[in-house]
Amino acid sequence: MIFLKAFIVGGLFCVVAQLLIDLTTHKVTPAHILVGYVVGGVVLSAFGLYQPLIDWAGAGATVPITGFGHLLAQGAIQGVEQKGILGAFSGGVAAVATGITAAVIFGYLAAIFFKPKG
Amino acid sequence: MTQPLEIRKKQYKKLVDEIKPRPPLVRNTLGAFIFGGLIALIGQFLLNFFQGQGLSVNDAGAATSTTLVFLASLLTGLGIYDEIAKYGGAGTIVPITGFANSMVSPAMEYRAEGLVLGVGARLFTIAGPVLVFGIFSAWLVALLYYFFR
């Protein structure tokens, strides 16, 4: 059941982005989508709306980049809980360190090893 | 008499909007749903697998992201991810795999400009803005939490 819910919620996140690209007159690029979704994840998380979605849809909510925003926000909030104002500066990035490091390492290696097509 | 530039610009934009082909909405939306759903589904399989290996929920999530980022980087390098993106549209942008793709693609493209200003800088063409706005907004949320909790 969790698999079906993950598929549907993960798919719906992308449908919204696709409609934003196709139906708005502004030039919406992948960069705008990614930035908007991360900030959207931060905001939803701040209002306590994102964790319930993860509880319900699992990877359907963590795999979209909004989940990255959720991790950032919760990390920063927990940072404040533990260390006060300094934690607001350290908690967010610490919570997403694995993802960022993985993206830098694998991204760099892929860019070095492979040649672009055409 | 020629009209002011602003009006001519508006007329031109209207004309362009009328002429340019409408995106195939149903096909795009369906593609985004199916591919976005499939990537999330793969994520769910990975999540269950890593939890089965005894990882905590948080660690399993991190391991899942790492695996997806690895796969997306590899597929982007091989030129396969961009082929999938033709059908998946936003379904291949929104998942964390799209984030990895947005790093590898420009870095690979500008490899000829060197390892520092080519690969090193271009990795963050899109990831840079994502981190700036993400980190800034999370910091702001934490600051508000600090003062108003």
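**View 1. Tyr37(A) in helix α2 of chain A**. In this predicted model, Tyr37(A) is part of helix α2 of chain A. Is Tyr37(A) buried or exposed? It has 28 C-beta neighbours inside 10 Å, and the cut-off for a buried residue is 20 or more, so Tyr37(A) counts as buried. Setting aside residues up to four places away in sequence, Tyr37(A) touches Ala17(A), Pro64(A), Ile65(A) and Thr66(A), along with Val94(B) from the other chain. For a sense of scale, look for Thr25(A): 12 residues separate it from Tyr37(A) in sequence, and the two C-alpha atoms are 19 Å apart.

**View 2. Leu34(A) and the largest nonpolar core**. This core holds 73 residues, and Ala17(A), Leu34(A) and Ala76(A) have the most contacts inside it. The element that gives the most to the core is helix α2 of chain B (residues 25–52), with 10 residues. Which residues does Leu34(A) contact, leaving aside neighbours within four places in sequence? They are Ile65(A) in chain A, and Ile93(B), Gly98(B), Phe99(B), Ser102(B), Ile126(B) and Val130(B) in chain B.

**View 3. Where chain A touches chain B**. Each chain brings 64 residues to the contact. On the chain A side, the helices that each supply at least two residues are α1 (2–23), α2 (30–46), α4 (59–62), α5 (66–83), α6 (85–95) and α7 (97–113). Of these, α1(A) gives the most, with 16 residues. Sorted by class, this side of chain A has 47 nonpolar, 15 polar and 2 charged residues.

**View 4. The buried side of helix α4 of chain B**. Turn now to α4(B), residues 80–88, where you will find Tyr81(B), Ala85(B) and Gly88(B) buried. These three lie on the same side of α4(B), because they cover an arc of only 70 degrees around its axis. Among the elements that cover the buried residues are α2, α3 (57–77) and α5 (96–109) of chain B.

**View 5. How α2(B) and α4(B) pack**. Which residues make the contact? From α2(B) come Gly31(B), Ala32(B) and Phe35(B), and from α4(B) come Ile84(B), Tyr87(B) and Gly88(B). By class, 4 of the residues in this contact are nonpolar and 2 are polar, with no charged residues.

Note on methods
Residues numbered from 1 in each chain as written. Chains lettered and ligands numbered in written order. Predicted model: local features only at pLDDT ≥ 70, side-chain atom pairs only at ≥ 80, totals over all residues. Core = buried A, V, L, I, M, F, W, Y, C linked by C-beta atoms within 7 Å. Buried ≥ 20, exposed ≤ 12 C-beta atoms within 10 Å, placed from the backbone. Helix = DSSP H or I, 4+ residues; strand = E, 2+ residues; numbered from the N terminus. Contact = placed C-beta atoms within 7 Å. Nonpolar A, V, L, I, M, F, W, Y, C, P; charged D, E, K, R; others polar. Arc of directions from axis to C-beta. Axes fitted to C-alpha atoms, helices over the stretch in contact; angles between N-to-C directions.
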